[in-house]
Amino acid sequence: MRTQILKYIEKKSKVDLGELAVLLGTDEVTVANEIAEMEKEKIICGYHTLIDWDKAGVESVTALIEVRVTPQRNQGFDKIAERIYNYPEVSAVYLISGAYDLLVTLEGKTLKEVSQFVSDKLSPVDSVLSTATHFILKKYKDHGTILVKKSKPERMPVTL
Amino acid sequence: MRNPLSQKVTSIAPSGIRKFFDVVSEMPDAISLGVGEPDFDTPWRIREEGIYTLEKGKTFYTSNAGLKELKIEICKYLDRKVNVQYNYQNEVIVTVGGSEGIDIALRAMLDPGDEVLIPQPSYVSYLPCTVLADGVPVVIPLQEKNEFKLTAEELEAAITPKTKILVMPFPNNPTGSIMTKEDLEPIVEVVKKHDLFVISDEIYSELSYKGEHVSIASFEGMKERTILINGFSKGFAMTGWRLGYACGPAEIISQMVKIHQYAIMCAPTNSQYAAVEALRSCEAEVEEMREAYNQRRRFLVHEFKRIGLDCFEPFGAFYIFPSIKEFGMTSEEFATRLLEEEKVAIVPGTAFGDCGEGFLRISYAYSIEDLKEAIGRLERFITRLRNEK
């Protein structure tokens, strides 16, 4: 039941619990309890809204920043990752295999704001060896949702 | 001038939904629950494969019975899904949709006067295809009290010395009824006792919501007397690709290949390559669609209970078949008024046989949001009808 609930709300967290119970063939109390449990266990870590800021007319820039660092003794990458993810403008930090170590997603209002963050905050951090900043030009798909307009082919209204 | 037309053809009634279709097409704000095809796009990897093979120039005829790789994948799939083992070399034919399979199976097996048993309500092609193949259709009216399953008694009662073929349309369009292993066992006994052949239309096999779909061909001694029809339209959301297949005894399949060869040549090459990809790597996509249909099914069963529309719980395909007998009007009157007054299009049960009178076919190949809106209108309509009385 947990997996079914999670699969459903992963794509659509705004749901009436009674309705979700009907769809999954169970009762509302069970669904509510399972969700409460999973929130407590931090299986469900939060509920977010996917927003197309462009359409909302709000200026915003997203950047992906590759960061190469020297891991610190006994703490590996965790300490340095923490120093980065504590900044509120940082929306994601991942440890990555391959040519660099951390991938940082940054949301800013303007290009200038983002570059300032990189030069003033990120680069001076001890053990940051280098950074490479990529600005996102257009979001086609985010969190499994296609953002660009998609024409829906019409089925015939009645077929046997 | 002489009459240019064949009497056999002119005697066949056209499909009963034409006028509905015309009215709905002219109504931009109508909601339809009348569609018999998935609302999902064909999974992207299948479409990608279709595009890739076009780019590669794989655009020639395949062999008449179909692409070898596809026939091999079909056999593996049937082995995996319904535990029936077919030889890809002579027991499989790839057809233009399951509907071609039905047509050529009947044509390959019938002599004039042979009787074909057709349980109804069921898909509309069995009866005319039987007539076109010079067979005599014999309808078995299924009953709501049996959840529209075929019973051994009903079957036994319809058999005559001329009976040759039984059509088995499960999971069923329009009722959503399925037949489990236990339901099929007594049917198998009767079929063997009377030496009948079976055309088993399993096009909705992937859309079974109560345990795995069971094929009648999987029973001992039944593979020899069954033509199993299946395809990609429903489970893989590939209606427009027009691709299906038929499997059965080599003796029958080879004659079907003959008709197919002269009438069709081969199924679309592009679709066949895409279907190989469908069978090799789309299990997860199919499962996801099945789960979505199942959620809508539960939703509708729940809603019908709430608004008090009498209905048995269907476990297959993507249809639900509520009874409207309490309103004392025919299915067609009901459907017409519902369309006029609330702009909701549904197909009257009678489109699938006379015994569909008093029922409606409602398709749930729609999003929950669409279904909610439609149910709201339907509820308003039946509340009005109840107040009129």
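**Briefing: chain A overall, chain B strand by strand**

Chain A has 6 helices and 6 strands; helices here are DSSP runs of H or I with at least four residues, strands are E runs of at least two, and both are numbered from the N terminus. This is a predicted model, where local features need pLDDT of at least 70, side-chain atom pairs count only at pLDDT 80 or more, and totals for chains, interfaces and linings use all residues. As for labels, residues are numbered from 1 along each chain as its sequence is written, while chains are lettered from A and ligands numbered from 1 in the order in which they are written.

**Chain A as a whole**
- Starting at the N terminus, its elements go α-α-α-α-β-α-β-β-α-β-β-β.
- Chain A is more spread out than a compact globule, because its radius of gyration is 21 Å, well over the 15 Å that the globule rule gives for 160 residues. (The radius is taken over C-alpha atoms, and the rule is 2.2 Å times the number of residues to the power 0.38.)
- Along the principal axes, the C-alpha atoms of chain A fill a box of roughly 65 × 40 × 30 Å.

- Strand 6 (residues 197-201) of chain B is mostly covered, with 5 of its 5 residues buried.
- B:Phe197, B:Ile199 and B:Asp201 point one way from this strand, and B:Val198 and B:Ser200 the other way.
- In a regular strand, side chains alternate between the two faces of the sheet.
- Strand 5 (residues 163-168) of chain B runs parallel to strand 6 of chain B, joined by 4 bridges; pairing takes at least two DSSP bridges between two strands.
- Between strands 5 and 6 of chain B, the chain passes through helix 8 (residues 181-193) in a right-handed β-α-β crossover (with the strands pointing away from the viewer, the path from the first strand over the helix to the second runs clockwise).
- Strand 7 (residues 226-231) of chain B is also parallel to strand 6 of chain B, again through 4 bridges, and B:Asp201 stands opposite B:Ile229 there.

**The antiparallel sheet in chain B**
- An open sheet of 3 strands has the order 9-12-11, with antiparallel pairing.
- Strand 9 (319-320) and strand 11 (347-348) of chain B are the edges, each pairing on one side only.
- Strand 11 of chain B is joined to strand 12 (residues 360-363) of chain B by 2 bridges, and B:Pro348 sits opposite B:Leu360.

Conventions: Buried ≥ 20, exposed ≤ 12 C-beta atoms within 10 Å, placed from the backbone.
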